[in-house]
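Student: I have a protein structure open and I'd like to learn how to read it. Could you walk me through it?

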Amino acid sequence: MATASPLLPLTFLPSKISASTSTPQRTSLPSIDHKLVISGGRPISGHVPISGSKNSALAVLAGTLCCSSGPVALRGVPNLLDTRTMADVLRSIGARVEAEDRDVLVVDTSDVGVTEPCSEKIGRIRAGFFVLGPLVARFGKAEVAMPGGCRIGLRPVDLYIKGLEALGAVAEDEKVCVYGANGKGLVGGSFHLDYPSVGATETFVMAASMADGVSVLTNAAMEPEVADLTKFLIACGACIEGAGTSTLVITGRKKLYGAEFTILPDRIEAGTFMAAAAITRSCISLSPVIPPHVARMTEKLTEAGCKITQIGPSALEVSAVPEVTGGDLQAFNIKTLPYPGFATDLQAQCMALLTTCVGSSIIEESVFENRMHHVEELKKLGADIKVVGNTAFIGGTKPGRIALTGGRVRAADLRGGAALVLAGMAASGITEVENIAQIDRGYERFEEKLLLLGADVKRETEAAVSNLHPVLLA
Ligand code: EPU
């Protein structure tokens with residue numbers, strides 16, 4: 001088995017930031033393009049460590065703005081492009097964000113006084129907008145640029161704003177300026193979400209935790225990352241009932257305090273490695289993982305013929321070896337839904353898997369309006385997929401065959417990029433996945449972990465790849 005260097009410590013060094021509030025550049029990512037070059041068709045084996053949840057860490061980092069007194073010590077924050085950008089957003093308004101040692105990130109927002117975070121940083125990630133709620137609750141006003149993030153649909157912020165308005169805020173749409181009631185803080189109020197938006201729920205909960213009085217949110221998102229943010233706020237002194245359910249009752253506190261908190265394991269990273277085991281017809285174990293958080297994925301892989309075994313309180317074994325499956329995996333259908341439904345963040349990875357399964361399948365994407373960019377790329381590797389609206393019809397393969405062949409593809413977004421890597425691991429020959437800055441946004445040391453499992457994956461810069469694979473550049 002190939003080996004990888006040990007995972008490096010958290011750095012969270014500040015990147016160069018400006019305090020400019022100019023028009024955001026939504027898609028800007030580091031200019032050096034790295035590629036993953038994958039030699040496919042190899043089984044993987046062994047154990048993979050799962051990092052802390054990206055989406056929980058991003059929300060909790062925004063939540064540190066609720067703590068006006070004392071530092072917060074966070075364990076399990078994954079070292080990612082997106083979390084580093086979020087750290088820079090906080091720094092741009094005067095927060096101290098430092099890695100204390102390998103595992104602990106210390107965030108102190110006691111001295112924050114500015115209410116206009118750096119637009120350019122906010123424009124890189126969706127979660128940048130999460131700072132709006134805590135800022136307006138704590139300071140009575142905030143001006144936050146429109147957020148960036150994966151281009152997977154329109155992704156409006158109307159529900160965030162309506163939730164804050166229910167707490168007495170007044171919004172000026174064009175600048176996304178939000179003022180607290182009478183230019184002061186927020187007041188308790190009730191709000192029903194027409195759709196259980198993750199970000200709008202998180203924004204409401206953070207804001208209401210500091211509002212004057214009792215607030216009630218119904219049809220709240222129940223994603224584990226929302227529940228994790230709620231637990232974090234409670235650890236800081238907030239009073240929130242109903243964590244993890246669709247109704248949240250929040251009694252506002254004048255002040256929240258610094259606390260220690262550990263981010264929950266990343267269920268999407270876990271699900272991605274589960275799909276990696278399936279698509280390569282391999283057996284791997286993974287931990288830490290909270291089994292109920294990947295229950296839908298476990299059900300679908302079991303339906304395909306894989307065997308998923310809980311081998312410890314927070315460890316799973318996923319087996320898709322021929323002795324277990326009888327040789328082939330069978331097609332299954334998916335409809336993405338808010339939690340506890342099937343996660344939209346695992347849709348692309350499952351589509352890659354389904355192109356290697358026997359029989360046809362249907363994937364309906366119901367959460368985001370445009371999350372199918374990976375389809376055209378998978379087709380370049382030989383996949384048979386047709387898209388009508390938000391539904392993909394996948395042709396699958398015949399018994400005894402893996403239909404994919406290596407080629408050059410480009411990651412358009414984070415999860416779609418991961419799906420292309422998985423497809424490359426199953427495909428015959430060499431696959432190059434370009435624009436992997438998208439993958440770096442949300443997977444901590446992805447290729448190092450794949451190497452640990454014995455995959456043949458290399459990260460190369462554009463120039464180095466050009467030298468190594470002239471034929472592919474012709
Ligand atoms: N929506 C609105 N109005 C709003 C907010 C959302 O119409 O004000 C719509 C969106 O356009 C979308 C749907 O509601 O169609 C769901 O969006 P939601 O707000 O629930 O998602 P999010 O908060 O923008 C988070 C994760 C996503 C994950 C979704 C769903 C973060 C930073 N992002 O996004 O993660 O897919 O919840 O679980 O927490 C990823 O990690 O790859 C990723 C995209």
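## Reading helices, sheets and burial

Tutor: Happy to. Keep in mind that this is a predicted model. We'll begin with a pair of helices: α5 passes α6 in a right-handed crossing.

Student: Which residues of α5 and α6 meet?

Tutor: From α5 you have Leu159, Tyr160, Gly163 and Leu164, and they meet Gly199, Ala200, Thr203, Phe204 and Ala207 of α6. Sorted by class, this contact has six nonpolar residues, three polar ones and no charged ones.

Student: Which residues of α5 are buried, and what covers them?

Tutor: Buried means under 20% relative accessible area. In α5, that goes for Leu159, Tyr160, Ile161, Gly163 and Leu164. Their cover includes α6, but also α4 (132–139) and the strands β8 (170–172), β9 (177–179) and β10 (190–192). After α5 comes Gly168, with a positive phi near 95°.

Student: Let me try another pair. How do the axes of α1 and α2 cross?

Tutor: Helix α1 (residues 54–63) and helix α2 (residues 81–91) have axes that cross at roughly 5° and come within 10 Å. That makes α1 roughly parallel to α2. On the α1 side, the contact is made by Lys54, Ala57, Leu58, Leu61 and Ala62, and on the α2 side by Asp82, Thr83, Met86 and Leu90. By class, you get six nonpolar, one polar and two charged residues in the contact of α1 with α2.

Student: On to strands. Which way do the side chains of β4 point?

Tutor: They alternate along β4 (residues 72–75).

Student: Which strands does β4 pair with?

Tutor: One partner is β6, in the antiparallel sense, over four bridges. Val72 has Val107 in β6 as its bridge partner. Another partner is β15 (residues 260–262), which pairs with β4 in the parallel sense over three bridges. There, Arg75 stands opposite Thr262.

Student: Is Leu105 buried or exposed?

Tutor: Leu105 is buried, with a relative accessible area of 0%. You'll find Leu105 in strand β6 (residues 104–108). Now compare sequence with space: Leu105 and Ala73 are 32 residues apart in sequence, yet their C-alpha atoms are 5.8 Å apart.

Student: How do I read the order of strands in a sheet, say the one with β19?

Tutor: Go across the sheet, strand by strand. This open sheet has four strands in the order β19-β20-β22-β21, with mixed pairing. The edges are β19 (334–335) and β21 (385–388); each has a single partner strand, so one side of each is left without a neighbour in the sheet. Two bridges join β19 to β20 (residues 361–364), and these two strands run parallel. Look for Lys335 opposite Glu364 in β20.

Student: Which helix lies across that sheet's strands?

Tutor: Helix α11 (residues 347–354) lies across β19, β20, β21 and β22 (391–394), and runs at about 170° to β20.

Student: What is the strand order in the sheet with β1?

Tutor: That open sheet of four strands reads β23-β24-β1-β25, and its pairing is mixed. Its edge strands are β23 (408–410) and β25 (456–461), each pairing on one side only. Inside the sheet, β1 (residues 34–39) and β24 (residues 430–434) pair in the antiparallel sense over four bridges. Leu36 has Val433 in β24 as its bridge partner.

Student: What does Glu447 touch?

Tutor: Leaving aside residues up to four places away in sequence, Glu447 touches Leu36, Val457 and Arg459. Glu447 sits in helix α15 (residues 446–452) and counts as buried, at 11% relative accessibility.

Student: And the whole protein: how many helices and strands are there?

Tutor: There are 17 helices and 25 strands. Of the 474 residues, 57% count as buried.

Technical notes
Residues numbered from 1 in each chain as written. Predicted model: local features only at pLDDT ≥ 70, side-chain atom pairs only at ≥ 80, totals over all residues. Heavy atoms only, no water. Left-handed = near helix turned anticlockwise from the far one by under 90°. Contact = heavy atoms within 4.5 Å. Nonpolar A, V, L, I, M, F, W, Y, C, P; charged D, E, K, R; others polar. Pairing = 2+ DSSP bridges. Axes fitted to C-alpha atoms, helices over the stretch in contact; angles between N-to-C directions. Buried < 20%, exposed > 50% of the residue type's maximum accessible area, 1.4 Å probe, protein only. Parallel < 35°, antiparallel > 145°, perpendicular 65-115°, else oblique.
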